[in-house]
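Hi,

Here is the model I promised to send over.

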Amino acid sequence: MMLKAPFRKAALNNLFAVAIFYSFIVLFMIVLPLLAKVIPSWNIHMNVNGGYESFSMIFMFVLGLTCVKDNLKACAVFGRSRNTALITGIMALGTVAAVLAVLDSVFTPVTSIITGGFSSSGLMNMIYNMIPEKPFSYFGTYLVWRLCLYCGITMLGFLLSSINYRLPKVWRLVFWIGFGLLLLVGIPLSVDNMAIATVLARFLDFAIASSPWRFDVTMVVCSAIAAVLAWLIQRRAPVDRS
Amino acid sequence: MTLSLNKITKTFGEVKALNNVSLEFTEPMIYGLLGRNGAGKTTLLNIINGRIFPDSGEVLMDGIPVADRDELLSKMHLMGEVNYYDDDLKLKDAIKTVDGFYGEAFIVAEAHRYAKLFELDETKKIGKLSTGYKSIFKCCIALALDVPFVFFDEPVLGLDANHRDLFYKLLIEDYSRKPKVIVLSTHLIEEASPIIEKFVIIKQGRILLEKSAESLAQYASSVTGPKEKVEQAVSGCQILGRSFIGALETAYIVGKLSGTCDGLTVQNIDAQRLFIELTNTDKEASL
């Protein structure tokens, strides 16, 4: 397999997007609270639940949605197989996930120090109510947790985008409306059913809420399943003319 | 190095674009892939280059299936009609990207030289180029590649006469320096036929004819003269088509006319005429 060039292309494209996104987020997370402190008369109040990862999650999902087509096209035009396109696409997304996990892990305490009174509760703190007794171990656990979270989220986007890529135009519309309905109507309605709600709650409690490490394993397994499904979808995908 | 297509079939909905096509590209040579609109040329080239996949059959390079093998796929390039480059990419950056993918098989200096000859502004973004210049850019990339198989699908689409002439000159220059299999799919048969060494004519998804330029010249001939005389002379011949101007008839036949031909003009027919006669529908032939 000749992975270097397609990986480099996909990773550079993605990292350029990361640079733009992160500049904006840092500005938002650091400069605004500082302004609030420096110029109290502006009356700025900020409360960001979920901290940096709430933004990074959305970014990674969108990145997963957008990178399928470009990578597949580049590989098909410049003599690379679908397998290479898929692997390099996932590798590039994994790289971005790692970069964001590190940036988030570094900027969370930095933001807290710089902005003083401003606090942003991270998602892991909110879910597991962890107390950072051993700073290094806490940092490491949180870093890995973030990485797994971003990988899982981005692979969901990657899989949805792969499905979208293979569908005819009309079916794409049906698919996305169906996906929206499933999220907004289907899941809330099914949760109303006690039996489904119990199963779902038990699964979430076991796989996600019980421990950060179990969450990591769940995300890795989900990412692997999404990757295999994406491979099945993409392996004989024609290059989109649009 | 041999590239062979083994019983390729491809269907789009109800339409059978390719029907059991088998073909081989062996010696370094300039092939002309000719066919009418919708004959299956682009589908065939896309399948060879792994852009789409056949319903059945396979593409083999030296007996090894090409699909899913980077080391084989990177030995060929298709300059296609559709632009797959990022519109936001500047030409110089696109050249760098191609260099990254093809490595030593892509001669960057040549790409720049061709771009200069065609007066391409490398600081321009691909999306800002006209249709003709997009084709030119893709031609420059394909010409600068030193891979064993290069395919051109309508390379001169949107090019003016001067640029078309320059393209053919550069193609010959490139081919003479780096002999390889070049497959030229075009509608401009008259213009391209002087450089084509082997003709492949495709009709309704099937290979109709595969002949070298020399044998094609001997393949068919035209017989022109008074209608009765022509009919008498060509009786028993395999007739490809007929055309009439007043009392004069021209019959296009396979092979040479045997027997007497007093008062008749017998000529070899050119590739374009042969193509027309071979691929005419019944309706067109009756006009």
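**Two domains in chain B**

For chain B, the domain assignment, whose bounds come from an automatic or database source, gives domain 1 (3-204) and domain 2 (218-285). Please keep in mind that this is a predicted model, where local features need pLDDT of at least 70, side-chain atom pairs count only at pLDDT 80 or more, and totals for chains, interfaces and linings use all residues. Residues are numbered from 1 along each chain as its sequence is written, while chains are lettered from A and ligands numbered from 1 in the order in which they are written.

The centres of domain 1 and domain 2 of chain B, taken over C-alpha atoms, are 35 Å apart. Eight residues from domain 1 of chain B and six residues from domain 2 of chain B make up the contact between them; two residues are in contact if their C-beta atoms, placed from the backbone, lie within 7 Å. On the domain 1 side, α7 (189-192) and β9 (198-203) of chain B each supply at least two residues, and β9(B) has the largest share with three residues. Helices (H or I, at least four residues) and strands (E, at least two) are DSSP runs, numbered from the N terminus. That side of domain 1 has four nonpolar, one polar and three charged residues, where Ala, Val, Leu, Ile, Met, Phe, Trp, Tyr, Cys and Pro count as nonpolar, Asp, Glu, Lys and Arg as charged, and the others, Gly among them, as polar.

**Chain B as a whole**

Chain B holds eleven helices and 14 strands, and its C-alpha trace spans about 65 × 40 × 35 Å along the principal axes. Of its 287 residues, 39% are buried, meaning that 20 or more other C-beta atoms lie within 10 Å of the residue's own, with C-beta atoms placed from the backbone.

**Strands worth a look**

Four strands of chain B form an open sheet in the order β2-β1-β4-β5, with antiparallel pairing. Two strands pair if DSSP finds at least two bridges between them. β2 (15-25) and β5 (64-65) of chain B are at the edges with a single partner strand each, so one side of each has no neighbour in the sheet. Seven bridges link β1 (residues 3-12) of chain B to β2(B), and Leu3(B) has Phe25(B) as its bridge partner in β2(B).

Further along, β12 (residues 239-245) and β13 (residues 248-254) of chain B run antiparallel and are joined by six bridges. These two strands form a hairpin with two residues between them, and Gly246(B) in the turn has a positive phi of about 60°. Ile245(B) stands opposite Leu248(B) in β13(B).

**Where the chains meet**

How many residues of chain B are in contact with chain A? There are 20, and they touch 19 residues of chain A. On the chain B side, α2 (70-73), β6 (76-79) and α3 (91-102) each give two or more residues, with α3(B) giving the most, five residues. By class, this side has ten nonpolar, five polar and five charged residues.

**The helix in chain A**

Helix α1 (residues 4-38) of chain A has 35 residues and reaches 48 Å from its first C-alpha to its last, close to the 51 Å expected; the expected span is 1.5 Å times one less than the number of residues. α1(A) bends by about 25° at Phe28(A), the bend being the angle between axes fitted to the seven residues ending there and the seven starting there. Among the buried residues of α1(A) are Ala10(A), Asn14(A), Tyr22(A) and Met29(A).

Best wishes

Methods: Buried ≥ 20, exposed ≤ 12 C-beta atoms within 10 Å, placed from the backbone.
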